[in-house]
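My notes follow in the order I looked things up.

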Amino acid sequence: MEINGVTVSILLFGIALLGLILRRDLVVKLLALGLINSSTILCLVSLHARPDGAAPILQTPSGPEIVDPLPHAMVLSAIVINFAILALALVFVMLLVERYHTTDSQRIERETSEEERS
Amino acid sequence: MIGLTILLVLLPVLAAAALTQRRRSSAIIAMGLFSFTLAGTYFLLQAPDVAITESAIGAALVTSIYVLAIRKTGRITVVASEAPGLLQREADRITGLEWEILERVARTAGLDLSLNFAPNEDVIDAVRRGDADVAAGGVLSADCGDGILGTGPHLPTARYAVRGPRWAGPSDPRAGPLRGYFSDIVETVRSRGPLCVVLDLARFLALSRYDLSAYDVEQLEGSHGYTFGVSAAREDLHRHFAEELARMRESGELDRMIARYFP
Amino acid sequence: MTRSASRIRLLPAAILLVGAFCAALWLTFDYAGPGEPDIARWIDTAHTTGSINVVSAIYLNARLFDTLLEVLVFSVAVLGVRFYLDERGRRESVESIPESHVLRLSSDLLLPLILLLGIYLTVYGHLSPGGGFSGGAAAGTGLLLAAIALGADSVAQRFHESILERVEWAILLCVFFLAGISAALGRTPLTDLLPPGTPGRLASGGSILLYNILIGAKVFIGTWVMIHHFIQHRGEI
């Protein structure tokens, strides 16, 4: 098993998923979701990456072959969208915390189920 | 090549460290550090566009937005465990004797009051860690250890041990302190489950509204008092609490408040 | 991690499941993929637009559609932040950090640099790594620094909320309009309007320069609006 970007990204995905399940704090859950996103992006970028290749900027003297630029383009949009959706999710967390006075996800679940019952 | 391997090995270590931090703010800063390392990794993987975008958005913007979203300074952060009569939630509002005292103190100090509920065993820890400034909700003066300054007791209380039927727990016959939320205990009593807990007077009074015939109730000896646990880092807050409580005690207002909640 | 007695079995179960999932992912991962990537095609795309940055040429020329919708998603997210953090929770005036000499001095030095860096990244998007997204984000972070050092209210006075909103939606319409003209004039697939100049000079790259500037301005305004709403909701900086 060699240490390349793909294995590390799978490991990161596992760590983030564990953090998402086991931590109770809502803000840390959001951090774990962002980490899942980052691990996927790392996997995409490092699939066909050659560290001895050249960056995808065309220079006139011909050097080594450039790496595949398509995943870079896809991933750029993904990073920006990740940030935008994260900001929106943080807005909801802020509103929840204001209403229930706690960031404990289990307690918020219990309060909402009690409200639904009554 | 070797730099890339080092960075790649560093990434899961940083991520695991970030997600196992106890404080929220430490986790956020550690994730910012992870984003920076990730940007360096992208650079070494010959992806400069992705590296610049990840460092500008992931490391700078995401971290600053998280920091802006958690409120911290300029306020009194209170972490409390539920205690009926002292500090409890009713529908949308928070009521209770300690809540009124806290509101009064915050108003005279000119600070904003922010209250968070937490499981009982976390309350003192949160103040000791520095996550919150004040512990409330049925805190006994015996619970405050070092690092926590207790304000003078504002209400005397006693401790009760409630032991339930068929307690198949640890072999220690003495009951343990309250863990988790008080509403869990209420549920257990309502469903007549096994129970072995030490409660203070306010919680015990609330619990005795339910049928406790299946349980063994014993009043433990010793006299205790309810207090607020203020973190030792906020000396000024502690002084303010003490002054305000003394003022309320003299003017008799404290007794009036107590009479309203515990007739 | 806090655990109460009833959930003590969650930790080993979670580790087991997640570990099994990751092992399954790792074992079934196809490293080779569907063959070698076709890099020559992208180099051709870069040559037709005249830009040196191949990644810019891809996401602003060959795959312009993805970028358009991505800008739309960003706008909707900013709209959502603006909608949900409405007047109810907003504090009247924002308190700022007490005056600090270090802060004022360092912001005097750094603020022009950061804004200049943002403009540079945006405008040179077709010649070196960067582009509209990172340039706009860097400039937005610079405005955050300005808000910390000079006070959020004074920065908000120079960038009026209503004007910002109109400019943001105008930019979005411009971007869609440009892309629509390209499609209507029959240049498939959504290629540039301006002619490609000599590669390596600033005035090259076709309409990539135009798109970069528009997207950079859009991300800059969107970031500032989001941050400003967060600050106002929080009540202090």
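Before I use any domain bounds: they come from an automatic or database domain assignment. On that basis chain B splits into domain 1 (2-69), domain 2 (75-156 + 224-261) and domain 3 (157-223). I also keep in mind that this is a predicted model.

**Chain B, overall.** I counted 9 helices and 11 strands in chain B. Of its 263 residues, 42% count as buried. I then checked the contacts in chain B with a separation of 6 or more, and residues 24 or more positions apart account for 71% of them.

**Domain 2 against domain 3.** I looked up how these two parts of chain B meet. Domain 2 puts 16 residues into the contact, and 16 residues of domain 3 face them. On the domain 2 side, helix H5 (120-129), strand S7 (155-163) and strand S10 (216-226) of chain B each supply at least two residues. S10(B) gives the most to that side, with 3 residues. By class I get 8 nonpolar, 6 polar and 2 charged residues for the domain 2 side.

**H2 and H3 of chain B.** I wanted to know how this helix pair is arranged. The axes of helix H2 (residues 24-44) and H3(B) come within 8 Å and cross at roughly 175 degrees. An angle over 145 counts as roughly antiparallel, so that is what H2(B) is to H3(B). Among the residues that H2(B) brings to the contact I noted Ile28(B), Phe36(B) and Tyr42(B), while those from H3(B) include Val50(B), Glu54(B) and Val62(B). The contact of the two helices has 13 nonpolar, 5 polar and 1 charged residues.

**Chain B with chain C.** Here I found 18 residues from chain B and 20 residues from chain C in the contact. Helix H3 (residues 48-69) turns up again: H3 of chain B gives the most to the chain B side, with 12 residues. That side divides into 10 nonpolar, 4 polar and 4 charged residues.

**Chain A with chain B.** This contact joins 41 residues of chain A to 38 residues of chain B. Helix H1 (5-22), helix H2 (26-45) and helix H3 (70-100) of chain A are the elements that give two or more residues to the chain A side. The largest share of that side, 10 residues, comes from H3(A). I sorted the chain A side by class and got 27 nonpolar, 10 polar and 4 charged.

**Cores.** Which residues have the most contacts inside the largest nonpolar core? They are Leu12(A), Val45(A), Ala87(A) and Ala15(B), in a core of 116 residues. Helix H9 (residues 208-234) of chain C contributes the largest share of this core, 15 residues. Apart from that core lies another, of 44 residues, with Val105(B), Val197(B), Leu201(B) and Leu237(B) among them. Back to Ala87(A): leaving aside neighbours within four places in sequence, Ala87(A) is in contact with Ile65(B), Ala77(C), Val81(C) and Met226(C).

**Phe182(B).** Last residue on my list. Phe182(B) sits in helix H6 (residues 182-190) of chain B. Is Phe182(B) buried or exposed? I put it down as buried, because 24 other C-beta atoms lie within 10 Å and the cut-off is 20 or more. Not counting residues up to four places away in sequence, Phe182(B) touches Ser81(B), Glu82(B), Ala83(B) and Arg203(B). I also checked Leu207(B), which is 25 residues from Phe182(B) in sequence and 9.6 Å away in space, C-alpha to C-alpha.

Methods:
Residues are numbered from 1 along each chain as its sequence is written. Chains are lettered from A and ligands numbered from 1 in the order in which they are written. This is a predicted model: local features need pLDDT of at least 70, side-chain atom pairs count only at pLDDT 80 or more; totals for chains, interfaces and linings use all residues. Helices (H or I, at least four residues) and strands (E, at least two) are DSSP runs, numbered from the N terminus. A residue is buried if 20 or more other C-beta atoms lie within 10 Å of its own, exposed if 12 or fewer, and partly exposed in between; C-beta atoms are placed from the backbone. Two residues are in contact if their C-beta atoms, placed from the backbone, lie within 7 Å. A nonpolar core is a set of buried Ala, Val, Leu, Ile, Met, Phe, Trp, Tyr and Cys residues joined through C-beta atoms within 7 Å. Ala, Val, Leu, Ile, Met, Phe, Trp, Tyr, Cys and Pro count as nonpolar, Asp, Glu, Lys and Arg as charged, and the others, Gly among them, as polar. Axes are lines fitted to C-alpha atoms, for helices over the stretch in contact, and angles run from 0 to 180 degrees between N-to-C directions. Angles under 35 degrees count as roughly parallel, over 145 as roughly antiparallel, 65 to 115 as roughly perpendicular and the rest as oblique.
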